Amino acid sequence: MKRSAVPLVAVLAVAALVGLLVYGVVTKSDDKTLDEAVAKGQRPAAPTMTLPVLGQSSKSNSLAAYKGKVVVLNFWASWCDPCKAEAPELEATQKRLAADGDGTVLGVTYRDASDDSLKFIREHDLSYPSIRDVDGKLAKDYGTRQLPETFVIDGRGRVAAIKRGPVNRQFLDEALAKVGA
Amino acid sequence: MIRRALLVLGLACALLAPAGSLAHAAPVQRTTLADVEDEVMCVLCGTALNISESSQADRERAFIKQQIAQGKTKDQVKQALVAEYGDAVLGTPSGGGFNAAAWLVPAAIVLALLAALAFIVPRWRRSARSSTDAPAPAATPALSAADTRRLEEDIARYER
């Protein structure tokens with residue numbers, strides 16, 4: 001008896017859609033790879049990317065430029081209220097690192113217009129450099145979903161500490177002690 | 001010589017005249033906030049900018065107005081938005097991976113519907129053709145004499 005192929009095709013189509021849904025949920029879920037590794041006491045390699053410097057679009061900068069130095073990588077934006085609260089702590093850290101020659105704070109702006117970011121820098125009197133992650137690709141590599149987020153990176157380019165949320169003095173002191181700064 | 005120069009001048013005028021009239025017929029439209037607003041997203045809210053009311057949406061609107069004030073076209077304003085906020089501001093899924101599903105799934109559904117039509121329509125036509133080719137049902141059997149008489153009586157009674 002000849003049977004219609006329609007039910008089989010319908011079942012395959014539904015299975016394909018369900019598979020697509022599962023794939024979407026898996027790929028779009030938060031990337032916790034770095035967090036899990038750091039929680040286990042490991043130091044995973046810090047993702048790096050060359051990006052334009054805020055306020056100097058003709059220039060670019062990346063983590064690789066700070067090889068041998070400690071980097072406090074901070075994702076921020078002018079529209080982010082908690083970023084305003086942590087800015088003085090980050091500036092104090094920048095002054096300390098620069099004075100000791102140990103490293104730098106490196107800001108990464110996320111989905112923020114340059115003029116707004118520059119205004120934020122002026123208002124908070126920030127002296128550390130920032131790069132612009134316009135497409136959010138670097139943020140994606142760090143599993144960044146909400147701002148602010150901070151990653152303390154040792155002189156060998158490895159992530160030593162992570163703070164998903166605003167940093168405070170205690171976190172920065174402990175994280176910098178870990179990386180010998 | 002003069003005649004030839006006049007002829008060339010006349011031809012040049014004839015060629016340039018339509019261009020001039022076209023320029024008048026299609027004046028360059030100034031870009032407006034509304035033109036751009038309904039085609040871009042508020043990058044933080046994840047909603048279309050024309051329905052977003054957050055402070056970020058206001059910043060994006062201010063940015064668009066600034067670009068319009070510089071005399072930029074709609075496309076140029078959108079390019080400037082992408083340069084500041086990334087592809088997310090366009091609200092169209094970009095890149096590969098799962099985002100490609102946003103384009104591929106509708107295309108696959110359309111193809112599946114077309115394939116289903118291509119499969120079903122010939123069957124309908126075949127079944128319709130076979131129903132017309134089928135022998136006509138047998139003619140109604142003739143009434144008996146008694147039935148004919150009773151029918152005529154009923155009709156006569158009805159017409160009275």
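Helix axes are taken here as lines fitted to C-alpha atoms over the stretch in contact, with angles running from 0 to 180 degrees between N-to-C directions. In the predicted model, the axes of helix 3 and helix 6 (residues 169-178) of chain A come within 10 Å and cross at roughly 30°. Angles under 35 degrees count as roughly parallel, and helix 3 of chain A and helix 6 of chain A are therefore roughly parallel to each other. The crossing of these two helices is right-handed. On helix 3 of chain A, the residues involved are Glu89(A), Ala92(A), Thr93(A), Arg96(A) and Leu97(A), which meet Arg169(A), Leu172(A), Asp173(A) and Leu176(A) of helix 6 of chain A.

Helix 4 of chain A (residues 114-124) has Ser114(A), Ser117(A), Phe120(A) and Ile121(A) as its buried residues. Viewed down the axis of helix 4 of chain A, these fall within an arc of 125°, so they line one face of the helix. Asp115(A), Arg122(A) and Glu123(A), on the other side, are exposed. The packing partners of the buried residues are strand 3, helix 3 (81-100), strand 4 (103-110) and strand 5 (130-133) of chain A, together with helix 4 (74-85) of chain B. Asp125(A), which follows helix 4 of chain A, has a positive phi, near 55°.

The largest nonpolar core contains 48 residues, and Ile153(A) is among those with the most contacts inside it. Strand 3 of chain A (residues 70-76) supplies the largest share of this core, six residues. Beyond its neighbours within four places in sequence, Ile153(A) is in contact with residues including Val70(A), Val71(A), Leu73(A), Tyr142(A) and Val159(A). Another core, of 17 residues, lies apart from the largest one and includes Val40(B), Cys42(B), Ile64(B) and Val82(B).

Definitions and conventions. Residues are numbered from 1 along each chain as its sequence is written. Chains are lettered from A and ligands numbered from 1 in the order in which they are written. This is a predicted model: local features need pLDDT of at least 70, side-chain atom pairs count only at pLDDT 80 or more; totals for chains, interfaces and linings use all residues. Side-chain values use heavy atoms; hydrogens and water are left out. A nonpolar core is a set of buried Ala, Val, Leu, Ile, Met, Phe, Trp, Tyr and Cys residues joined through side-chain atoms within 4.5 Å. Buried means under 20% relative accessible area, exposed over 50%, partly exposed in between (1.4 Å probe, protein chains only). Helices (H or I, at least four residues) and strands (E, at least two) are DSSP runs, numbered from the N terminus. Contact means heavy atoms within 4.5 Å. The arc is that of the directions from the helix axis to the C-beta atoms. Angles under 35 degrees count as roughly parallel, over 145 as roughly antiparallel, 65 to 115 as roughly perpendicular and the rest as oblique. A crossing is left-handed if the near helix is turned anticlockwise from the far one by less than a right angle, and right-handed if clockwise.
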